[in-house]
Amino acid sequence: KATYPGRWNITNLEVRDTNGHTACLKDFQEDFETVYPWYYTVDPEGYHVDNQAPVIQYLTEKGIDEKNIICPFRKVDKEIRILEDDYEPKCYLKDSKRNRKEQADVIPEATIFTILYNTPKGMLCRTIESVLKQSFENFTYLIIDNGSTDASADTIRQYMKIDARITYIRLEKNVPWTEKGLLTKLKDNIKTTYVAMVDSDDYYEPDFLEKTISISRADASDMVQVNTLTYAHEGFRYSYFTHYFGRNICIEGDKKKNYFMLRILCVPVWGKLYKSDLFKELIDMMLDCETEYDRDCNFCLDISWMTYMALACNRVSLCDDLLHIRTWRPGSSEHSDNHSSKWLSSIVWSFEHLRKNDVEYEAAQVFEEAALMWLFSLPREEYSLSDFRKGDIDNKRVADFLNRPVCDKYRGNQHG
């Protein structure tokens, strides 16, 4: 039960099932749901929520139950906490009841980590306070400053004065988040049962840890994903990143793979709680790469991180609560040297890893098509992405990938 619509206009919507069969909606029969009783993932072109409306309307008119239409992006009413860049953490620090001496003797059960680089002060304060305000208090907060040249260090140290749960590591220069030294520091400082990541401009709701740890224990799951709200800093759209099911669910085996292919189990690292042992196995695998170049290209984008984690987990739980708020803003990155071609290399690695782990070719192709559509429809200026680098494109693995028919529809467009 898996389909994926490719890039479309409404008169010629391509649908492909996991057996590789394709058809266009205009050719389908009236008994639509009987002939094609699948789930449908609707990825709006350009990630704009309004672009999915005509597709949803067409599917429902043809008898598809709306519960089977997976819409990663939906408009919602949600008050976002906004802190301006002149915000001072004095009020939080004054009201905090944390006691450094009492905290020092507590053995934490979870680690939340943030890798930051020149984050606006208001957003950084919002992130830190969202972590420190967790209702589940038995955790450590690891902050790795990736060579910031702004006042981030001073801001972090203000919070460290009143909360011993913060561990602060500062790198002298900005490096890729796949750099060996950074990964080693990350791994060495995860000494807890659970681990989660939050970007320095995002934030978690206060009950994120409490709910995800409770679900992980109840389901004996290796990973728990929550619903994410993506909002643009300039305010042009609000949208859910994941699909509402109306209940929490636990998946394993082939069902877990199918949910990953459909992006129900989504590819970003954030918005999830992991068993630490499994997460550190991922870091070890990255550290085993022969060269820094291979590590940087293969794991620059978190699609490859999640491809590994999704297949390595025995059980995955999906929490139906909205607990993670993600900021979409120009220049949002932990590393200053992003390249579209490195992101493409991560997609190539993900496809190869799926095939090595006995995922059917057609199913892996559905997954890579979704990733390619995402990459080639990105407004690169919003991600500070440079043009494709010739050296990366000439890499044999990437070059072979680009010669495959699945890439034909993107050839010759604005991305070259």
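Colleague: What makes strand β7 and strand β8 count as a pair, and in which sense do they run?

Modeller: Keep in mind that this is a predicted model. Two strands pair if there are at least two bridges between them. Strand β7 (residues 139–146) and strand β8 (residues 166–171) share six bridges, in the parallel sense.

Colleague: Why is D163 called buried?

Modeller: Buried means under 20% relative accessible area. D163 has 0% relative accessibility, so D163 counts as buried. You will find D163 in the loop between α6 and β8.

Colleague: How do you know that the side chains of D163 and R165 make a polar contact?

Modeller: The cut-off for the pair of N or O atoms is within 3.5 Å. The contact joining the side chains of D163 and R165 is 2.8 Å.

Colleague: Why are α7 and α10 described as roughly antiparallel?

Modeller: Angles over 145 degrees count as roughly antiparallel. The axes of helix α7 (residues 180–188) and helix α10 (residues 276–287) cross at roughly 160 degrees and come within 10 Å. Therefore α7 and α10 are roughly antiparallel to each other. Their crossing is left-handed.

Colleague: Which residues of strand β13 lie on its covered face, and which on its uncovered one?

Modeller: In strand β13 (residues 249–252), I249 and I251 form the covered face, whereas C250 and E252 form the uncovered one. In a regular strand, side chains alternate between the two faces of the sheet. β13 also pairs with strand β15 (residues 315–328) in the antiparallel sense over four bridges, and there I251 stands opposite V316.

How values were computed. Residues numbered from 1 in each chain as written. Predicted model: local features only at pLDDT ≥ 70, side-chain atom pairs only at ≥ 80, totals over all residues. Heavy atoms only, no water. Helix = DSSP H or I, 4+ residues; strand = E, 2+ residues; numbered from the N terminus. Buried < 20%, exposed > 50% of the residue type's maximum accessible area, 1.4 Å probe, protein only. Polar contact = N/O pair within 3.5 Å; in protein donor to acceptor, adjacent residues only side chain to side chain. Axes fitted to C-alpha atoms, helices over the stretch in contact; angles between N-to-C directions. Parallel < 35°, antiparallel > 145°, perpendicular 65-115°, else oblique. Left-handed = near helix turned anticlockwise from the far one by under 90°.
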